[in-house]
Amino acid sequence: MKKGRFISIEGPDGSGKSSTIKALSQLLDQAGWQDQYILTREPGGSAIAEQIRQILLDVHNQDMDHRTEALLFAASRRQHLVETVIPALEAGKIVICDRFVDSSLAYQGIARNISTDLIWQINHFAIEDYLPDLTLLIDVPAEVGLERIYKAQGKRQFDRLDRESVDFHNLVRQAFLDFAAEQERIVLVDGTKPVDQVAQDCLELLQAHGII
Ligand code: TYD
């Protein structure tokens, strides 16, 4: 039985998710929530899932078939859910997860053109009924995201998916925007603002949705 609350943070590459999550966690700590939430990420978030992450993001794996990629993301998700997310929810924690199933629907379903129905089928197998209670979509135009990634080169590893074209990243961004327009669960956050402001906006959305 789920007792905690499950939040995912989504966005295109370079949307500033990771920095926002760091800043958001400081705000949560200042507000006295430090023992009541966990931060985790996909792909990865558990020992086995992190090993799958290495395969997925390895720049040498350019030959990876798109369906293999989709299955590995779903496999990583399953392991992370079972080992990390479900135990935390059962302990009554707020789980803040950097990416979840919407990333697979956007990247593999739309941008890789596999179809969201097929991606949903394999992911439903992986996650059963564990959907986030709330998804914060940090939105930036694809060009802004890619420029940030190029600027951060050296500080941050350039992964296999970062290397995709601007057209690919535009498809991802539009897919996320479409999902947000269709589903109440997914709420838009303007990722072009300074990171502290984006984190503050996320905090206010958590309050407005009764998560904290
Ligand atoms: P992530 O570590 O979140 O990278 P970033 O900090 O650049 O957002 O995710 C790694 C990459 O994996 C990113 O390009 C998005 C992609 N991805 C998918 O294609 N499908 C998925 O289901 C997930 C979770 C991530």
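Q: Hi! Which elements do the buried residues of helix 8 pack against?
A: Hello! In this predicted model, the buried residues of helix 8 pack against strand 1, helix 1 (17-30), strand 4 and strand 5.

Q: And which residues of helix 8 are buried?
A: They are Val198, Ala199, Asp201, Cys202, Leu203, Leu205 and Leu206.

Q: How does the span of helix 8 fit with its 14 residues?
A: Helix 8 covers residues 195-208, and at 1.5 Å a residue it should span 20 Å. Its end C-alpha atoms are 20 Å apart, so the two values agree.

Q: What comes just after helix 8?
A: Gly210 is found there, with a positive phi of about 70°.

Q: How many bridges link strand 1 and strand 3?
A: Five, in the parallel sense, between residues 5-10 of strand 1 and residues 94-98 of strand 3. Ser8 of strand 1 stands opposite Cys97 in strand 3.

Q: Is Ser8 buried or exposed, and why?
A: Ser8 counts as buried because its relative accessibility is 0%, and the cut-off for buried is under 20%.

Q: What does the side chain of Ser8 join up with?
A: A polar contact of 2.8 Å links the side chain of Ser8 to that of Thr135. Leaving out residues up to four places away in sequence, Ser8 touches Cys97, Phe100, Asp102, Pro132, Leu134, Thr135 and Leu136.

Q: Back to helix 3. At what angle does helix 3 cross helix 4?
A: The axes of helix 3 and helix 4 (residues 101-111) cross at roughly 175° and come within 11 Å. The cut-off for roughly antiparallel is over 145 degrees, so helix 3 is roughly antiparallel to helix 4.

Q: Which residues meet there?
A: From helix 3, Glu69, Ala70, Phe73 and Arg77 meet Val101, Ser104 and Gln108 in helix 4.

Note on methods. Residues numbered from 1 in each chain as written. Predicted model: local features only at pLDDT ≥ 70, side-chain atom pairs only at ≥ 80, totals over all residues. Heavy atoms only, no water. Pairing = 2+ DSSP bridges. Helix = DSSP H or I, 4+ residues; strand = E, 2+ residues; numbered from the N terminus. Buried < 20%, exposed > 50% of the residue type's maximum accessible area, 1.4 Å probe, protein only. Polar contact = N/O pair within 3.5 Å; in protein donor to acceptor, adjacent residues only side chain to side chain. Contact = heavy atoms within 4.5 Å. Expected span 1.5 Å × (residues − 1). Axes fitted to C-alpha atoms, helices over the stretch in contact; angles between N-to-C directions. Parallel < 35°, antiparallel > 145°, perpendicular 65-115°, else oblique.
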